[in-house]
Amino acid sequence: MGFLLCNMDDKYKKYLQSDEWYQLKIDILEYRGHKCEKCGRTKNLHIHHKHYENIYNEEPEDLIILCGLCHAKAHGIIKEKKKKPKKKKVKKKKQFNQLTRREEINLKKTNPHKYNIYLKKLKDKYSKY
Ligand SMILES: [Zn+2]
Ligand SMILES: [Zn+2]
């Protein structure tokens, strides 16, 4: 579909600095209003070629007013961020963990109260039938 910024030829570069292009830009901005036709921003406006079929002899319809950001997007310099769906964090229910024999002994020594609770829970767990 024609030129991109990176492989513009010299003729095109010169053209963008020419009076004709300058005048065309002014006309388009005057005619359509000084704002980005994509997002409505009014600063840092560029004239972008929708296509290059009529290059050096553009019709107003071949051109679009874009702000710097939308222009960069149009050329794929800035990729539009895709919103990633947020992963829902599944809250894990605190499950009753059965301790190893070693941990039991340790708990009994260090925290007898907790150990009693643990024993009670253990009892509950195995008393279900
Ligand atoms: Zn452009
Ligand atoms: Zn814009």
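Reader: Why does Asn44 count as exposed?

Author: Asn44 has 12 C-beta neighbours inside 10 Å, and a residue is exposed if 12 or fewer other C-beta atoms, placed from the backbone, lie within 10 Å of its own, buried if 20 or more, and partly exposed in between. So Asn44 counts as exposed. By the way, this is a predicted model, where local features need pLDDT of at least 70, side-chain atom pairs count only at pLDDT 80 or more, and totals for chains, interfaces and linings use all residues. Residues are numbered from 1 along each chain as its sequence is written, while chains are lettered from A and ligands numbered from 1 in the order in which they are written.

Reader: What is the phi of Asn44 near?

Author: Near 55 degrees, a positive value in a residue other than glycine. Asn44 sits in the loop between α2 (19–32) and β1 (45–49); helices (H or I, at least four residues) and strands (E, at least two) are DSSP runs, numbered from the N terminus.

Reader: And what makes Tyr56 buried or exposed?

Author: Its count of C-beta neighbours inside 10 Å is 11, so Tyr56 counts as exposed. Tyr56 is in the loop between β1 and β2.

Reader: How do you know that the span of helix α5 agrees with what it should be?

Author: The expected span is 1.5 Å times one less than the number of residues. For the 16 residues of α5 (residues 112–127) that should be 22 Å, and the end C-alpha atoms are 22 Å apart, so it agrees.

Reader: Why does α5 lie largely in the open?

Author: Of its 16 residues, the number buried is 0, so α5 lies largely in the open.
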